[in-house]
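Here's a quick tour of a protein model for you to follow along with.

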Amino acid sequence: MRTLVTFAVLVIALFAALIAGNVWGNASLTPKLALDLEGGTQLILRPTAEDGERVTEDTIAQAIDIIRQRIDASGVAEAEITSQGGSNIVVALPGEPDDETLDLVRESAQMLFRPVIVQAAPTPVEDASATVTPPAEGTEPADASDPAWVTQDVLDQFNAYDCTDPENLAGGAELVGDPEAAVVSCDQNGAVKYILGPVEVRGEEIANASSGLRTTQTGAITSEWVTNIEFDGDGTVAFREVTTRLLNLESPRNQFAMVLDGLVISAPSVNSIISDGKAEISGSFTRESAATLAQQLNFGALPLTFEVQSEQQISATLGSEQLQRGLLAGLIGLVLVGVYSLAQYRALGGVTIASLVAAGLLAYGLIAVLSWTQGYRLSLPGVAGIIVAIGITADSFIVYFERIRDELRDGRTLPAAVEHGWDRARRTIIISDAVNFLAAVVLYFLAVGGVRGFAFTLGLTTLIDLAVVMLFTHPVMLLAARTKFFGQGHRFSGLDPVRLGARARYAGRGRVVVAGQAQPADDDLAPVGAVGSDEGPRRATIAERRAAARLAASTPPAGAPPGAGAGPGAEAPSEDPADGAAQDDVRTDGKDA
Amino acid sequence: MASRLSQWGNDLYTGKRSYDIVGNRRRWYAISLVILVLSAGFLATRQLNPSIDFRGGAEFTVTGVEDTAQQPAIDAVASVDAEEIPRVSVVGGSAMRVQTGDLDDTQVREVVQALAAAYDVPENEVSSSFVGPTWGKDVTGKALRGLVIFLLLVSVVMTLYFRAWRMAAAALVALAHDLVITVGLYAGIGWEVSPATVIGFLTILGYSLYDTVVVFDKVRENTDKVTEQKRFTYAEMANLAVNQTLVRSINTSIVALLPVGAILFIGAFLLGAGTLRDIALALFIGMAVGTFSSIFIATPFEVTLRQREPAIAAHTERVLAARAQAAQAGGDATATGAPPVVVGAVMPGAHLGTRAQPKRRKPNRPSGRQS
C-alpha cells in the first residue's frame with residue numbers, strides 16, 4: 001500500500017514538475033522530436049587530422065564548440081551538435097538551411113599567431129582619426145609589426161567594422177583572411193577589435209599546450225592559473241624571433257594575437273624573449289579559462305578537416321507522417337496486447353493493462369522531462385524502441401502471473417501464492433531486465449546513427465518496467481488478493497484454483513486437503529531417503545502398499561467412485577476436480593493470512 | 001480458448017501432460033540444423049541487400065506527389081546521367097524515394113530540378129541526401145564491436161548469475177543460432193539492410209537471452225538439488241522445467257510479437273520502405289526464432305553439456321540403473337516403472353522458523369485482526 005502511494009507521488013511529482021516547467025519555464029508538455037520526425041537537415045562529419053594523427057575526444061569537443069559558435073552566430077536556432085561514438089560529429093539543423101550555413105559547418109578551422117598592430121573598442125568609428133595614420137603609398141613594411149601594413153583600405157574596414165554584431169563573431173574561413181597581409185579581427189567575445197599583421201607562427205607548430213598552476217623558477221607552486229605552450233622546432237625559432245621583436249615595442253604592438261577560426265582567443269603581451277619554445281601565458285585566468293585556452297591551443301595544433309559522411313534532408317511532412325503511423329502502430333500493439341491478456345488472464349489482464357498504462361505514463365513523463373532538462377529528442381527508432389518495449393514490459397507481468405498460478409497449483413492460498421510467487425518472479429524479472437538493460441547500454445555507447453535513440457528508449461523502458469513491476473503491479477496484486485473476487489478465485493478472476501488444478505496440500509492435524517487432482521500428498525513429497533535405498537529393489541512405502549491393497553480391493557467393482565476416498569491409487573490419478581475441497585482449502589487459509 | 005489453454009498449462013505444470021523435449025533433442029537439433037543450412041543458403045545465394053547507408057550515394061525524396069509511378073523518376077535521373085539506374089521506391093502515401101550512385105554537386109542540383117519537373121511539384125518538395133562511401137563501414141564496424149563487447153559482458157553476467165558456465169555457454173549457442181537464422185531469413189526476404197535492420201539484429205541479442213534466462217531460471221530451480229535425490233535424472237528435471245515454462249514462453253512471445261507485428265504491418269503496408277519496417281521485420285523473425293530456440297535448443301543443449309559433467313553423468317547412471325532394477329524385480333503395481341508424475345523440484349522441506357508455527361490466541365486480546 002505504501003509503495004503504491006510512493007509510486008503515485010512519483011508520477012504526480014513528475015508531471016507536476018513538467019507542468020510547472022511549462023507554466024513558468026520553457027518546458028513543453030510534449031517531448032521534442034528529432035530530425036527524422038520533425039524534418040530538417042542532418043550532417044555527419046568525421047574530423048580527420050591532416051597528418052594522420054589520432055583525433056582525441058578533446059579535439060572533437062573543441063571542434064564541436066567551434067561549429068556551435070559558427071552556427072549560433074549565424075542565427076540558426078536549436079541546432080543540435082553532438083559527438084557520436086567518439087569519432088563523428090553529428091550536426092542536426094532544423095528546417096532547410098541554406099548553402100552558406102552548411103558551408104559554415106563543413107569548413108575546417110585554423111589557428112594562427114599574428115602580431116597586433118592596432119587595438120580599439122569594438123564599435124564602429126565614424127571619424128577616421130585612428131591611432132595610426134596610413135603610410136604613404138608604396139612603403140614596404142619592414143616586419144610583421146610594422147604599421148606600414150595598415151593601408152587606407154584596411155583602416156577603412158577597421159573603422160567600419162562592428163565587433164558587437166554577432167555575425168562578425170561567427171568565425172569561419174572568410175574571416176581568417178590572407179596570411180600574408182594585415183587583417184581586421186575581433187576578440188571572440190566581441191570586446192575588442194584589432195588590426196593584425198601577417199601570420200608569423202602557425203597552429204601546427206604548437207607541440208603541446210596545457211594549463212596548471214604557475215611554477216616559479218625555484219619550483220614553488222603559486223596559486224595563479226596559467227596556460228603553458230610548447231612549440232616544436234620550427235615554432236621555437238619563429239616564436240623566438242617574434243618575442244625578440246615585440247619585447248621592445250610600445251603597447252599595443254607588443255602583443256601577439258592567437259587567432260582561432262578567424263577570432264582572437266587571446267592577445268598576451270610579451271614580457272621576455274622566449275628562446276626555448278616554452279611560453280607561459282598568465283593573466284587573470286581561472287582554472288576553467290586556463291584549461292579552455294589550452295584546449296583551444298591544442299585544437300589549433302592539430303588542424304582538422306571535416307569529411308562529410310552523410311548529409312540527409314528530411315521533409316517535415318514526411319516526418320510527421322512517420323510519427324503518426326508509428327503512434328498508430330503503437331496503439332494497435334497496445335490494444336492487441338490488452339485483448340490478449342484479458343483473454344488469457346481474465347480479470348488479471350486488467351492488472352496488466354493498468355500496469356501498462358502506468359508504465360506508459362511514466363515513460364511519457366520521463367521522456368518529456370528529459371527532453372526539457374537534457375535536450376533529449378525523440379526519434380523514429382526511439383518510437384520503435386518504445387513500441388517494442390510494450391511486449392517486454394507485459395512479459396514481466398506474465399512471468400509474475402504464471403508464478404502466482406504455479407503457486408496456486410501447488411495448493412497455496414492466493415495471498416500466500418502472491419507473496420511466494422513474487423519472491424521467485426522478482427529474481428527472474430530482475431535478471432532478465434538486467435540482460436536487456438545491458439544490451440541497451442552497450443548499444444547506446446557503441447552506436448552510430450539512429451541506433452542510439454532506439455537503445456536509449458529501450459534502456460529507459462526497461463528501467464520503467466522494473467519500477468512499475470515493483471512499485472505498482474505487485475502492490476496492486478497484494479490489494480487484489482484481499483478482495484473477495486480474486487481472493488476466493490472467482491471464475492473470471494484468472495486465479496481460480498479449481499481451473500488451475502490446485503493440488504493436495506497438507507492442511508494440518510493429519511488432514512490432507514485434496515483439490516484438483518486426487519493424489520496422495522506423500523507420493524511427490526516423500527522424504528528423499530525413503531525411496532530407492534541402496535540394497536536391492538526399491539520397497540514400496542507403507543502408504544503405497546496400503547494404496548495398492550485398497551486399489552486391488554476396489555478394482556473388481558469397477559464403478560467405485562474415484563476420488564471419494566482419502567487416498568486413491570497411486571498410479572491412477574483421478575480426473576475428478578473435487579471442487580468443494582478446493583473452495584474449502586482457500587477459505588481455511590484465507591483467515592490467517 | 002483461454003480455459004483450454006490454461007487447462008493445458010496445468011497439465012504441463014503438474015507433469016500430467018509432458019512433451020519429451022529434452023529427450024528428443026536430436027530431432028530439434030536436426031530441425032534447427034536444416035533451418036540453419038537454409039539460412040546459410042539464403043545468405044550465400046541472395047545475399048544481404050545493403051541500403052544506401054552502406055553503399056553510399058545520393059538519395060532524393062520527393063514529397064507531395066500525386067502519381068506515384070516510378071518511370072518519371074528513372075527518366076529524370078537518366079536525363080542527367082544516362083548511365084545511372086536509380087532505385088525508386090514509394091514512401092508513405094505520397095512520397096517517392098530515389099537513390100542513385102555518387103553524384104557531384106551540380107548533378108545533384110540538376111536531378112532535383114528534373115525530379116521536381118517530372119512529378120510536377122515545387123523544387124522545395126524535393127530534398128536530397130548524401131551518404132559517404134565510408135559511413136556504412138563505420139556502422140558495420142561499430143555494430144560488430146558492440147556485438148563482441150555485449151557477448152563478453154553477458155557471458156560474465158550469466159556465469160555469475162547461474163554459477164554455471166555451461167548454462168552461459170548454452171545460452172550463447174542459442175543466441176548465435178538465433179542471430180544466424182534471423183540474418184539468413186532476412187536475406188531470404190530480400191528487404192534492404194539499413195542501420196535500422198542492424199538495430200533490430202542487435203536487439204535480438206537482448207531478447208533471445210531474456211527468453212532463455214527465464215527458462216533457465218526454472219531449470220536451475222528444478223535441478224538445484226538434483227544429485228540429492230535418486231528418482232529423476234537431470235535431463236528429466238530440465239525437461240519438466242521446459243514444460244512448466246511452456247505456457248509462459250508462448251504467452252510471452254505472442255505478447256512481444258503483437259506490437260512488433262503491428263509495426264511491421266503499418267510499416268509494410270502504409271509507410272513503405274523505412275526505419276519502422278526494417279526494424280520490425282528483423283525483430284519479428286528474431287523473436288519468433290528466439291522463442292523456438294529458448295524451448296527447443298537452449299535447454300536441450302544445456303543438458304547435453306551438463307551430462308558431460310562427471311557428477312551429473314554418474315547421477316544419471318545411478319538413477320537409470322536403480323530404475324531398471326526396480327522394473328526388473330518388481331513387476332508389481334508399485335509406481336516406479338515409467339517416469340512418474342512430477343511436480344516441482346524434488347527437495348526436502350525446510351524449517352520455516354518459529355513464526356510459521358501455529359499460535360495460541362491470547363485470551364485477553366480483542367478478537368479479530370489488528371491492522
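Start with chain B: among its contacts between residues at least 6 apart in sequence, 78% join residues at least 24 apart. For chain A, the figure for that kind of contact is 72%. Keep in mind that this is a predicted model.

**The two chains**

- Chain A has 593 residues, and 47% of them count as buried.
- Its secondary structure comes to 18 helices and 15 strands.
- Chain B has 371 residues, with 50% counted as buried.
- Here you'll find 12 helices and 6 strands in chain B.

**The nonpolar core**

- The largest nonpolar core holds 230 residues.
- Which residues have the most contacts inside this core? They are A:Val91 and A:Ile195, plus B:Leu115, B:Ala171, B:Val260 and B:Ile263.
- Zoom in on B:Ile263: setting aside neighbours within four places in sequence, it is in contact with A:Ala329, A:Ala384 and A:Ile387 from chain A, and with B:Leu276 and B:Ala280 from chain B.

**A sheet built from both chains**

- Now look for an open sheet of 8 strands with antiparallel pairing, in the order β2(A)-β3(A)-β1(A)-β13(A)-β5(B)-β2(B)-β4(B)-β3(B).
- Why do two of these strands have one side without a neighbour in the sheet? β2 (80-84) of chain A and β3 (87-91) of chain B stand at the edges with a single partner strand each, so one side of each has no neighbour there.
- From one strand to the next, the twist averages 25°.

**Two helices crossing in chain B**

- Helix α4 (residues 71-80) of chain B also meets helix α5 (residues 105-119) of chain B: their axes come within 9 Å and cross at roughly 145°.
- That crossing is right-handed.
- On the α4(B) side, the residues making the contact include B:Ala73, B:Ala76 and B:Val77, while those from α5(B) include B:Val111, B:Ala114 and B:Leu115.
- What kinds of residues make up this contact? They divide into 10 nonpolar, 2 polar and 2 charged.

**A three-strand sheet in chain A**

- Chain A also has an open sheet of 3 strands, in the order β8-β9-β12, with antiparallel pairing.
- β8 (206-215) and β12 (278-281) stand at its edges, each with a single partner strand, so each has one side left without a neighbour in the sheet.
- The twist here averages 25° from one strand to the next.
- β8(A) pairs with β9 (residues 221-231) of chain A over 8 bridges, in the antiparallel sense.
- Within that pairing, A:Leu213 has A:Trp225 in β9(A) as its bridge partner.

**A strand with two partners**

- Strand β5 (residues 183-187) of chain A is mostly covered, with 4 of its 5 residues buried.
- It pairs with β6 (residues 193-196) of chain A in the antiparallel sense over 4 bridges, and A:Val183 stands opposite A:Leu196.
- The hairpin of β5(A) and β6(A) has 5 residues between the strands, and A:Gly190 takes a positive phi near 75° there.
- β5(A) also runs parallel to β11 (residues 263-266) of chain A, joined by 2 bridges, and here A:Asp187 stands opposite A:Val264.

- You'll find A:Phe456 in helix α13 (residues 451-482) of chain A.
- Is A:Phe456 buried or exposed? It counts as buried, because it has 23 C-beta neighbours inside 10 Å.
- Not counting residues up to four places away in sequence, A:Phe456 touches A:Gly382 and A:Tyr444.
- A:Ala440 is 16 residues from A:Phe456 in sequence, and the two are 6.8 Å apart in space, C-alpha to C-alpha.

Conventions. Residues numbered from 1 in each chain as written. Chains lettered and ligands numbered in written order. Predicted model: local features only at pLDDT ≥ 70, side-chain atom pairs only at ≥ 80, totals over all residues. Buried ≥ 20, exposed ≤ 12 C-beta atoms within 10 Å, placed from the backbone. Contact = placed C-beta atoms within 7 Å. Core = buried A, V, L, I, M, F, W, Y, C linked by C-beta atoms within 7 Å. Pairing = 2+ DSSP bridges. Axes fitted to C-alpha atoms, helices over the stretch in contact; angles between N-to-C directions. Left-handed = near helix turned anticlockwise from the far one by under 90°. Nonpolar A, V, L, I, M, F, W, Y, C, P; charged D, E, K, R; others polar.
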